[in-house]
Amino acid sequence: MTSPVLLIIDPAGTIATADPDAPQVSVLDLGVTRGDGVFESIGVVGGRAQALEPHLTRLARSAAMLDLPVPDLDVWREAVLRSIELADDTAPELLVKLVYTRGIEGSASAAPTGWVHLFEAGGFDEERTAGIAVVTLDRGYRSDVRDTSPWLLQGAKTLSYAVNKAALREAARRGADDVIFVSTDGIVLEGPNSTVIALLDGVYVTTPDSLGVLEGTTQAAFFADVESRGGSTAYRAITVDELHAATALWLASSGRQIAPVATLDGEPVAQEPALTAAGVEALLAR
Ligand SMILES: Cc1ncc(COP(=O)(O)O)c(C=O)c1O
C-alpha cells in the first residue's frame, strides 16, 4: 500500500511537503467555495508519470480559460516528480492530482492556491476486460458551445465537477457505470471524466476539442499507438446513430486507461477483446 503524498506549492513557487491527513485548505478558498480553479489527474505506472507534458500543457490551457495567473510549469513538473520520489513504495498504479485554485476570497494578494496529491489507484482490471455499462445523457449544450459561449468553460478541466458527479449518479440510477454526454444537436461529446473512442468503418474516431470537450491525453496516446501499428484515426463529429452502430467503443482516461463499452443504453455493444488488450498493454507500458 502506497501512503499518500501531499506537496503544497506556495505563490512564490516553493514546494513543501505537508500532512495529507491534516486540514490544509482555507474555508475561504475559492476552489472550495465556488469550484473556481482547475485540476489534472496524472496516471503513474511503474513509477513513470504518464503524458506529463500534455497534462502540464492542459493545466496551463485550463488556467488561461479561467483567467487564472499563468502556472509555472517547471515548478508543477518538479512537484509531480518529487511526489513520485517521495512515495514510500511503488504500487503498480498511482494517480497524482494537481489542483490550482483562485485562492482566498477577498485576499489583497489574490494569490492562487496549489497542491499536488499522490495516492494509490488501481483495481481497474474488471472494467478494462469485462467492460462497462454506459448511458447517453443530454449535456444541454449545442456542439458549438465553445465558440458561442466560452464563459461556460467547456473544454477546461475546472474543479466544478458537481454536474459530472450528478450525471454519474443518474447513470447509477439507470443501472449503468458511466455516461457519454451528447449535445442538444445530437453530437457525441465525452464522458464525465473520459474521452469517447469509437471504431467506425475500421477507423478509430474521437470528438475534436473544437466541439467543447476536453482534449484527452489517454486518447492521444492510444491514437499514437494505433497509428504506430498502421491503424487509422480521425477527429470528427460523431452522431448518436453512429455511436449505436459502432464496431466497438471505449472510454479513455488517465486512471482506467481504456475501458470497453459493454452496453450502451441497455443494448449490447460488440467487443474487440484483442484490440482492447493490446491498447491497455500499450498504454500501461508508455
Ligand atoms: C471531462 C473529461 N474528458 C476527458 C477526460 C480524459 O482525459 P485524460 O485522458 O487526459 O485523463 C477527462 C479526464 O479526467 C475528463 O474529466
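How many Å² does the accessible surface of the protein come to, and what percentage of it belongs to carbon and sulfur atoms? After that, please show me the surroundings of Ser-253: where is Ser-253 found, and which residues is Ser-253 in contact with?

Modeller: Happy to! This is a predicted model, in which local features need pLDDT of at least 70 and side-chain atom pairs count only at pLDDT 80 or more, while totals for chains, interfaces and linings use all residues. Residues are numbered from 1 along each chain as its sequence is written, and side-chain values use heavy atoms, with hydrogens and water left out.

Your surface question comes first. The accessible surface is about 12,900 Å², and 54% of it belongs to carbon and sulfur atoms; such areas come from the Shrake-Rupley method with a 1.4 Å probe, and for residues only the protein chains shown count as cover.

Now the overall build. The protein has 9 helices and 14 strands; these are DSSP runs numbered from the N terminus, with helices (H or I) of at least four residues and strands (E) of at least two. Its radius of gyration is 19 Å, close to the 19 Å that the globule rule gives for 286 residues, so the protein is as compact as a globular protein of that length. That radius is taken over C-alpha atoms, and the rule is 2.2 Å times the number of residues to the power 0.38. Along the principal axes, the C-alpha atoms fill a box of roughly 55 × 45 × 35 Å.

The chain is divided into domain 1 (5–122) and domain 2 (126–285), with bounds from an automatic or database domain assignment. The C-alpha centres of domain 1 and domain 2 lie 25 Å apart. Their contact takes 24 residues from domain 1 and 20 residues from domain 2, where contact means heavy atoms within 4.5 Å. Among contacts in the protein with a separation of 6 or more, 69% are between residues 24 or more positions apart.

Ser-253 is found in strand β12, which covers residues 248–253. Leaving aside neighbours within four places in sequence, Ser-253 is in contact with Asn-193, Ser-194 and Thr-218. Ser-253 counts as buried because its relative accessible area is 14%; buried means under 20%, exposed over 50% and partly exposed in between, with a 1.4 Å probe and protein chains only. Across the protein, buried residues make up 48% of the 286 residues.

Let's step over to one of those partners. Ser-194 sits in the loop between β8 (178–182) and β9 (195–200). With a relative accessible area of 6%, Ser-194 is buried. Not counting residues up to four places away in sequence, Ser-194 touches Leu-251, Ala-252 and Ser-253.

Asp-265 lies between β13 (257–264) and β14 (267–268), and its relative accessibility of 31% makes it partly exposed. Phi of Asp-265 is near 50°, a positive value in a residue other than glycine. Most residues other than glycine have a negative phi.
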